[in-house]
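Start with the ligand, then step back to the space around it.

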Amino acid sequence: MNHDVIIALDFPSAADVYAFLDRFQQEKPFVKIGMELFYAEGPEIVRQIKARGHKIFLDLKLHDIPNTVKSAMRVLSRLDVDMVNLHAAGTIDMMRAALEGLTREDGTRPLLLAVTQLTSTSEERMQKELLINATMPDTVKHYAYNAFIAGLDGVVCSPLEAALVKEACGPNFATVTPGIRFADSAADDQRRVMTPAKARLGGSDYIVVGRPITRAEDPVAAYRRCVKEFLG
Ligand code: C5P
């Protein structure tokens, strides 16, 4: 199992992203491109960042009928990204179709991760609005297991849920966890946070870190600190 720190490139434009990435002269961090940047700049931003030598997690969280997701995944795999995701709520059939679409002619494919329940969804709303009559930990575990059965590589989850996911799906099922903060940095709008070192101990394989690096006075130093704390 690989382990790495993924920087969330939550910037509104390509110009902001390149200015940020230009600071990194010695290393090529693994980066995450989300909806805002992708919808603003289109697939070209992915090609450009890939051409600069970065690994890319394309965080678009697909959720549609299986055939549509399969076709969309086929397009994304041509972008040569390293990691993509979808909502496990789309069912096992949808996840299997996604895997099919993602697999290139030579048999290779990006890692495919599932979102279980968004960390912004509270247990109360999940039960009342989504009519899911179970606890949040049981739901996360069940959705992760569905992803495992479908043949996916792992899930995006809270670092507090990583151990639970490993327990349900085994050590080789990857956990990618946002909600990471240094012991001495602000939590921002994240409610439940963990330090890089604690996340690693708790079973996170990859951590996704945004503001503690992107808004740091010295982003390169903050990235290095994160890597050191996470990878030891
Ligand atoms: O700035 P911060 O470190 O909070 O950024 C975390 C990144 O991870 C953001 O891109 C955010 O959208 C994403 N994310 C998250 N919580 C989730 C899923 C994704 O914070 N449950």
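Around the ligand stand A8, D10, K32, T119, P178, R181, Q190, V208, V209, G210, R211 and P212; each has a heavy atom within 4 Å of it. This is a predicted model, where local features need pLDDT of at least 70, side-chain atom pairs count only at pLDDT 80 or more, and totals for chains, interfaces and linings use all residues. Residues are numbered from 1 along each chain as its sequence is written, and side-chain values use heavy atoms, with hydrogens and water left out.

By class, this shell holds five nonpolar, three polar and four charged residues. Ala, Val, Leu, Ile, Met, Phe, Trp, Tyr, Cys and Pro count as nonpolar, Asp, Glu, Lys and Arg as charged, and the others, Gly among them, as polar.

Now the polar contacts (N or O atoms within 3.5 Å). The D10 side chain places an N or O atom 2.7 Å from a ligand oxygen. For R181, a polar side-chain atom is 2.9 Å from an oxygen of the ligand. R211 uses a polar backbone atom, 2.7 Å from a ligand oxygen. On its own the ligand has 460 Å² of accessible area, and the protein covers 80% of it (Shrake-Rupley method, 1.4 Å probe).

Which elements give two or more residues to the shell? They are β8 (206–209) and α10 (211–214), taken from DSSP runs (helices H or I, at least four residues; strands E, at least two).

β3 (56–62) also supplies at least two residues to the lining of the largest pocket, as do β8 and α10. β3 gives the most, three residues.

Methods:
Polar contact = N/O pair within 3.5 Å; in protein donor to acceptor, adjacent residues only side chain to side chain.
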